[in-house]
Amino acid sequence: PEFPQPALAEESTVAADPHMLSSVLLAGNFKPSEGGQILKKFSAVEEACLSELMMDVLRPFVPTYHGVTEVGGERYIQMDDLLRGLQHPSIMDCKMGTRTYLEDEAGKGQPRSAPRRDLYQKMVKIDPWAPTPDEHSQGAVTKPRYMQWRENSSSSTSLGFRIEGVTIEGGTVQRNFKQTRSQDQIMEIFLQFVKNRVDVLKIYLARLENLHQALDESNFFKRHE
């Protein structure tokens with residue numbers, strides 16, 4: 001599609017206090033820390049991945065990892081806070097890949113998973129026509145079925161990524177993208193996000209091309225699902 005001419009937009013505002021910790025989206029498993037870092041609840045798998053990524057060509061594309069610490073009797077992973085020093089940042093959360101779950105999560109090679117009512121409710125909330133007649137009669141769907149439907153109903157399958165959430169200049173987090181799948185829909189969201197600044201989109205594209213090259217060279221990427 002053709003891009004409109006870029007419009008002027010204000011640059012991100014840098015906080016007056018350089019030590020200010022960002023609070024945007026710091027919830028759930030995350031908490032702020034001193035020194036421009038954030039803490040995430042410990043996961044052995046994630047800790048192993050971050051340790052290995054620090055020695056891989058993908059290092060420039062992930063937050064710097066600072067090891068494991070303990071706070072209040074709980075273990076946390078320490079990593080750089082990429083939003084440190086910014087006031088009202090704009091953030092877009094994307095999931096990359098045509099499949100965004102592990103094969104083990106879908107139950108491949110495992111006994112047939114039991115249908116779940118909670119996943120059925122999630123499905124019909126987004127699309128009441130998505131379940132099959134049998135699934136409607138049971139009021140439940142299996143996890144593999146739900147995960148595959150989730151990918152196909154978004155842009156994951158067709159475009160290789162999907163938008164999970166957006167906040168513009170520190171505003172309310174928008175998450176109503178579960179059925180955003182066409183290229184035109186995605187382009188409209190991108191243009192809104194950058195305030196029609198095509199020069200910014202070109203910077204994103206260059207960064208993604210660099211990431212693509214790094215993935216081709218990455219030993220970590222070759223050995224992980």
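The model is predicted, and the residue numbers count from 1 along each chain as its sequence is written.

**Stop 1: the main nonpolar core**

Begin by selecting Phe161, Ile163, Val166, Phe177, Ile186, Met187, Ile189, Leu191, Phe193, Val194, Val200 and Leu201. Together these 12 residues form the largest nonpolar core. Colouring by secondary structure shows where the core is drawn from: strand 8 (161–167), helix 7 (183–193) and helix 8 (198–217) each supply two or more of its residues. Helix 7 is the greatest contributor, with five.

**Stop 2**

**Stop 3**

Display the side chains of Glu151 and Arg162. They meet in a salt bridge, with an N to O distance of 2.4 Å. Glu151 belongs to helix 5 (residues 143–153) and Arg162 to strand 8, so the pair ties together parts that are 11 residues apart in sequence. Are these two residues buried or exposed? Glu151 counts as buried because its relative accessibility is 3%, under the 20% limit. Arg162 is likewise buried, with a relative accessible area of 5%.

**Stop 3: the loops on either side of helix 7**

Move to Glu169 and Lys195, whose side chains form a salt bridge at 2.5 Å, N to O. This pair joins distant parts of the chain, 26 residues apart: Glu169 is in the loop between strand 8 and helix 7, and Lys195 is in the loop between helix 7 and helix 8. Glu169 is partly exposed, with a relative accessible area of 39%, and Lys195 is also partly exposed, at 35% relative accessibility.

Keep Lys195 in view for its backbone. Its phi is near 55 degrees, a positive value in a residue other than glycine.

**Stop 4: a salt bridge between Arg116 and Asp118**

Select Arg116 and Asp118. These residues form a salt bridge in which the closest N and O atoms are 2.7 Å apart. Asp118 is partly exposed, at 38% relative accessibility, and Arg116 is partly exposed as well, with a relative accessible area of 33%. A search of the whole structure finds nine salt bridges.

**Stop 5: a positive surface patch**

Switch to a surface view and select Lys122, Lys125, Arg175 and Lys178. Which charge does this surface patch carry? The patch formed by these four residues is positive. Lys122 can be located in helix 3 (residues 117–126). With 45% relative accessibility, Lys122 counts as partly exposed.

**Stop 6: His88**

Finish at His88, in the loop between strand 6 (86–87) and strand 7 (91–96).

How values were computed. This is a predicted model: local features need pLDDT of at least 70, side-chain atom pairs count only at pLDDT 80 or more; totals for chains, interfaces and linings use all residues. Side-chain values use heavy atoms; hydrogens and water are left out. Patches are made of residues with over 30% relative accessible area and no salt bridge: like charges are joined within 9 Å, nonpolar side chains (Val, Leu, Ile, Met, Phe, Trp, Tyr) within 5 Å. Accessible areas come from the Shrake-Rupley method with a 1.4 Å probe; for residues, only the protein chains shown count as cover. Lys and Arg count as positive and Asp and Glu as negative; His and the chain ends are not counted. The place of a charge is taken as NZ of Lys, CZ of Arg, CG of Asp or CD of Glu. Helices (H or I, at least four residues) and strands (E, at least two) are DSSP runs, numbered from the N terminus. Buried means under 20% relative accessible area, exposed over 50%, partly exposed in between (1.4 Å probe, protein chains only). A nonpolar core is a set of buried Ala, Val, Leu, Ile, Met, Phe, Trp, Tyr and Cys residues joined through side-chain atoms within 4.5 Å.
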